Every structure is written in C-alpha cells, then in structure tokens.
Amino acid sequence: MKLIQIIKVAVIPVLTVLSLLSASNKALADYLTSQGSGGDYRYELWATDNNDYYLKVWSSEASQNSDAYSTTRAFTSSREALIYFDCNYAGRNLPECSQ
C-alpha cells in the first residue's frame, strides 16, 4: 500500500513535469495563410506560430515547383506583408507605399 502512495505522490508529478517540458520543445510549424498575384509576381503569405508573417515571392512565369524568387523578412501582420508585396512587387500606387 505504501508503494502505491509513493508512486502517486512522487512519480506521477515528476512524469507530468517531464511531459510538459518535452511538449514545449516541439518544433514550431509555419502555415500558408493566403496566396495571390500582382504585376509580374505571385506570392504565398506564410504565418508562424509566433504570429509573424513572411512572403515567398516568385516570378509569375516560374513553375509551381521552383524555389521562391525571394523570401521576405518577418512582418508583424498579414496586412503589413501584403502592403509590402503591393508596393514592391505588384507596382501598385497605394498611400502606404510612401511610408
């Protein structure tokens, strides 16, 4: 009977802590949120589990399986990333482009 009590008091909490620690070390995954095109380019907008966004940009003539022409820096919002694409690749003249 005492062995069962020792297991309940000591082993189970230790295993719980170890499982929580191992869960926090899992790799973060990026996921595709949208895609589109503008000008002579097309893009994929990706988000990270850290709430950052980045663009993968291709020439509109590049094949679907080709490596990205450019991968941008991290943005704090999807809006910021898409404005960047519109201003720098799609050639749109938005008020935000002058900032």
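Biologist: Which residue is the bridge partner of Trp 46 in β3?

Modeller: Tyr 54 is that partner. One caution: this is a predicted model, where local features need pLDDT of at least 70 and side-chain atom pairs need pLDDT 80 or more, while totals for chains, interfaces and linings use all residues. Residues are numbered from 1 along each chain as its sequence is written, and side-chain values use heavy atoms, without hydrogens or water.

Biologist: How do you know that β2 and β3 pair?

Modeller: Strands pair if DSSP finds at least two bridges between them. Strand β3 (residues 53-59) and β2 share seven bridges, in the antiparallel sense. Seven meets the cut-off, so the two count as paired.

Biologist: What makes β1 and β4 edge strands?

Modeller: Start with the sheet. Four strands form an open sheet in the order β1-β2-β3-β4, with antiparallel pairing. β1 (31-38) and β4 (70-71) each pair on one side only.

Biologist: How many helices and strands does the protein chain have?

Modeller: There are two helices and four strands. From the N terminus, they run α-β-β-β-β-α.

Biologist: Back to Trp 46. What lies over its face?

Modeller: Lys 56 does, at 4.7 Å from the ring centre. The rule asks for NZ of Lys or CZ of Arg within 6 Å of the ring centre and within 35 degrees of the ring normal.

Biologist: Why is the pair of Tyr 41 and Tyr 89 called edge-to-face?

Modeller: The search of the whole structure gives six aromatic pairs. Phe, Tyr and Trp rings (for Trp, the six-membered one) pair if their centres lie within 6.5 Å; planes under 30 degrees apart are stacked, over 60 edge-to-face, the rest tilted. Tyr 41 and Tyr 89 are 5.1 Å centre to centre, with 70° between the planes. That is edge-to-face. Tyr 41 is in strand β2 (residues 41-47) and Tyr 89 in the segment after α2, so the pair ties together parts 48 residues apart in sequence. Tyr 84 and Tyr 89 are edge-to-face too, because their centres are 6.3 Å apart and their planes at 65°.

Biologist: Is Tyr 89 buried or exposed?

Modeller: Buried means under 20% relative accessible area, exposed over 50%, and partly exposed in between (1.4 Å probe, protein chains only). Tyr 89 has 15%, so it is buried. Tyr 41, at 22%, is partly exposed. Tyr 84, at 26%, is partly exposed as well.

Biologist: What makes the largest nonpolar core?

Modeller: A nonpolar core is a set of buried Ala, Val, Leu, Ile, Met, Phe, Trp, Tyr and Cys residues joined through side-chain atoms within 4.5 Å. Eleven residues form this one, including Val 57, Phe 85 and Tyr 89. β2, β3 and α2 each give two or more residues to it. Contact means heavy atoms within 4.5 Å. Beyond four places in sequence, Val 57 touches Phe 85 and Tyr 89, among others.

Biologist: Which residues of α2 are buried?

Modeller: Ala 81, Ile 83, Phe 85 and Asp 86. They pack against β1, β2 and β3. Asp 86 has 18%, so it falls under the buried limit. Leaving aside neighbours within four places, Asp 86 contacts Gly 91, Arg 92 and Leu 94.

Biologist: How do you know that Cys 87 and Cys 97 form a disulfide?

Modeller: The rule is a pair of cysteine sulfur atoms within 2.5 Å. Here the sulfur atoms are 2.0 Å apart, so the pair qualifies. The count comes to one disulfide. Cys 87 sits in helix α2 (residues 78-88) and Cys 97 in the segment after α2, ten residues apart. The link is left-handed, with -90° about the S-S bond. Cys 87 is partly exposed at 24%, and Cys 97 is partly exposed at 27%.
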